Amino acid sequence: MISVQNVHKSFGDLEVLKGVSLDVPNGEVVSVIGGSGSGKSTLLYCINAIETINSGKILVNDIDVHSKDTNKDKLRQKLGMVFQQFNAFPHMTVLENAALAPRIVKKMSKDEAMEIAKKELKHVGLGDKFDVYPTRMSGGQQQRLAIARALAMKPDFMLLDEVTSALDPELVGEVLETLRLLAEEGMTMICVTHEMGFARDVSDRVAYFHQGVIAEIGEAKQVINDPQNELTQKFLSKVR
Amino acid sequence: MNSLFTPLSWDDTGYILTGVWNTITISVVAIVVGTLLGMIVGFARAESNKAVNVLFGSVLDILRSVPLIIQLILFSTFVGAIGHPMNPFLAGSIVLSLYTMAFMSEVFRGGFESVSKSMQTAARSLGMTYWQTVYHIRFPIGLRAVLPSWMGVALSVIKDSALVSVIGYMELLRTSEQLISRTQQPLEILIGVGIFYFIISYPLSHYGRYLERKMAI
Amino acid sequence: MEYEFHWNIVLQKMPELLNGAFVTLHVSVLAMLLGVVIAVLLAIAKMNNSKPFCYVATVWVEIARNTPALFQIYMAYFGLGAFGIHLSPYVAVLSALVFINAGYLTETFRGGFQSIPSTQYSASKSLGMTSIQTYRYVILPQMLRRIYHPMTNQFVWSILMSSLGILVGMSELSGTTQRLQSLSFRTLEFFIVAAVMYFIITKLVLFGASLLSRRLFKGEI
């Protein structure tokens, strides 16, 4: 379970998170929607300890993420993350990309790491691309590689930061399809997204971020189809 | 002790200034001639077929793969041996210009090739002739793109012009070397020489890097 | 007027010329290795912004880039004499080449480092890699691909510029050629052979570098 408790976060004078609380139990998929600059991506970076926080608390499996005593490299193994930019390692083949972290972080044998990497690559539909270099692939394929690379670490949670925003429209579908598959398999996920259809159909709950706070959160279909908060209504009417 | 050596004095200023002037003269000649020839050769290479390119390319390759100092010695010895000795300025200018041309042609070729085919097609579709396209489209765009690299080559030519001293041209380093052997004050003289080169090169190299950054955006 | 070439004398002296070529390679390789080591330190100093080191690095880089190689060699050979330091021609040329290589390579390394997008760091971090692992497996391999070509060029430049040893009586290829031709006055023959040898050395180095790069970098970029 991921538990975010009254988190505040500033960059200099700019406060981006103004007391955010959110509990995500295991097996749940939460989509986070909201305008740009609303702080939704920052929240993911704070959960993954890539960014520090100013106050509040974030617990992942009851471990205090931002405590001094927490080994952050260890913690991040439990939290798979996929970014807006594809971030494939361009000097490695697809297979090497996915096998790197299991091998050097989890200290698996080369064969073991390759085995897991192959399995996850097939999982996301890249079973025929093992020896290809990522720069030769489409954005959608690169993004699915990034998902497989994260899954190869056997994370308990997946954090997805606008993973379809940098994609050409015709490539968005294949990535969302992969995420839907993960959701059906019971992966716990927090998805920052602009895809309202995806948020409504795949996630259990939807949170609407506005100026650093969660303005509305509730059952996915209800928030998207029938938002209660005036701000959410305004936002949704604009993006549709 | 009444030594053979006489210290540096104000009377030497004229001598040093001759060296400065000669360094500037031969650099400017080489840059101007090298740029013009390099532009022509670069354009020809961007336009021509593979066979011509390989031929051109290997000649230029020799100019770039043999030390300048060897080229200078070879050329001035050669013209002497066939009975047409040249003065150091002329021999130095010819070799340094050809050497500059070898580097400039690569720079310009890259620039002309960077002007996309689609832009040329667009120009032709407006009814421009081949040469109008070259003059109005490819030259202005290609030349602007190569400005930073051109500056880089020009700067190295100024520095490489010091090597023309080997065939007896009285450029700055050679005059200073002679002053050193007379005065035995190497440090003062060399620091002065270094400052001269630095003053010319530093602002230009920074301007070049500034242009590069500006164009990258 | 006809010039008659005499190649026999040059052939007789071939062992000495080859020896000179060996010294040329020797000094260039050493200048490159030392230059790389110093450039790594200077690049780190420049990027860390630690005041005194950063200042030293900046001055070093600017002097190396903005003065002629011949000036550096004269400085090492004649200039240091004022401090009672008398370098042999070999050491003078070597130190000048090291000085210049370090100056140029500092900027090469800095540029290569800065060209790696910061997102590569966050991606590595998110997979649980430590900083050392991130550099070892993700950043440095990519950087090496970007600096390889400029480094090869710098090495070739070192080989060509070591020919300035001729002006301080060093016995590398040019200096040896100069000495041998002065004994026989077959200037043209000797320098033509030297030119051919430089050309071959340069081409061999470039060929070797491209073979090596194909082995090192099987992938893209």
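Student: Which residues of H2(C) and H8(C) meet?

Tutor: This is a predicted model. In it, C:Glu16, C:Leu17, C:Asn19, C:Gly20, C:Ala21 and C:Thr24 of H2(C) meet C:Leu173, C:Gly175, C:Thr176, C:Thr177 and C:Leu180 of H8(C).

Student: What classes do the residues of that contact fall into?

Tutor: The contact of H2(C) with H8(C) has four nonpolar, six polar and one charged residues.

Student: And how do the two helix axes cross?

Tutor: Helix H2 covers residues 14-48 of chain C, and helix H8 covers residues 173-184 of chain C. Their axes come within 7 Å and cross at roughly 150°.

Student: Which word goes with that, roughly parallel or roughly antiparallel?

Tutor: Angles over 145 degrees count as roughly antiparallel. H2(C) and H8(C) are therefore roughly antiparallel to each other.

Student: Now chain B. At what angle do H1 and H7 of chain B cross?

Tutor: Roughly 155°, with the axes of H1(B) and H7(B) coming within 7 Å. H1(B) is residues 13-47 and H7(B) is residues 172-183. These two helices are therefore roughly antiparallel to each other.

Student: Which residues meet there?

Tutor: From H1(B), the residues are B:Tyr15, B:Ile16, B:Thr18, B:Gly19, B:Val20 and B:Thr23. They meet B:Leu172, B:Arg174, B:Thr175 and B:Ser176 in H7(B). By class, the residues of the contact of H1(B) with H7(B) are four nonpolar, five polar and one charged.

Student: Changing topic: which pair of chains shares the most contacts?

Tutor: Chains B and C, out of the two pairs of chains in contact.

Student: How many residues does each chain put into it?

Tutor: Chain C puts in 32 residues and chain B puts in 29 residues.

Student: Which helices of chain C supply at least two residues to that side?

Tutor: Helix H3 (51-66), helix H4 (69-77) and helix H9 (187-216) of chain C each do. H9(C) gives the most to the side of chain C that touches chain B, with ten residues.

Student: What is that side made of, by class?

Tutor: The side of chain C that touches chain B has 21 nonpolar, eight polar and three charged residues.

Student: How far apart are the closest C-alpha atoms of chain A and chain B?

Tutor: They lie 20 Å apart, and no contact joins chain A and chain B.

Student: OK, chain A itself. How many helices and strands?

Tutor: Chain A has nine helices and ten strands. Its radius of gyration is 18 Å, close to the 18 Å that the globule rule gives for 240 residues, so chain A is as compact as a globular protein of that length. Along the principal axes, the C-alpha atoms of chain A fill a box of roughly 55 × 45 × 30 Å.

Student: How much of chain A counts as buried?

Tutor: 49% of its 240 residues. As for contacts in chain A between residues at least 6 apart in sequence, 63% join residues at least 24 apart.

Student: What is the strand order in the six-stranded sheet of chain A?

Tutor: The order is E6-E7-E8-E3-E9-E10, in an open sheet with mixed pairing.

Student: Why is one side of E6 and of E10 left without a neighbour?

Tutor: Strand E6 (79-82) and strand E10 (213-219) of chain A stand at the edges, and each has a single partner strand, so one side of each has no neighbour in the sheet. On average, neighbouring strands of this sheet are turned by 15° against each other, direction ignored.

Student: How many bridges join E3 and E8 of chain A?

Tutor: Four bridges join E3(A), residues 29-34, to E8(A), residues 188-192, and the two strands run parallel. A:Val29 stands opposite A:Met189 in E8(A).

Technical notes
Residues numbered from 1 in each chain as written. Chains lettered and ligands numbered in written order. Predicted model: local features only at pLDDT ≥ 70, side-chain atom pairs only at ≥ 80, totals over all residues. Contact = placed C-beta atoms within 7 Å. Nonpolar A, V, L, I, M, F, W, Y, C, P; charged D, E, K, R; others polar. Rg over C-alpha atoms; globule rule 2.2 N^0.38 Å. Buried ≥ 20, exposed ≤ 12 C-beta atoms within 10 Å, placed from the backbone. Axes fitted to C-alpha atoms, helices over the stretch in contact; angles between N-to-C directions. Parallel < 35°, antiparallel > 145°, perpendicular 65-115°, else oblique. Pairing = 2+ DSSP bridges.
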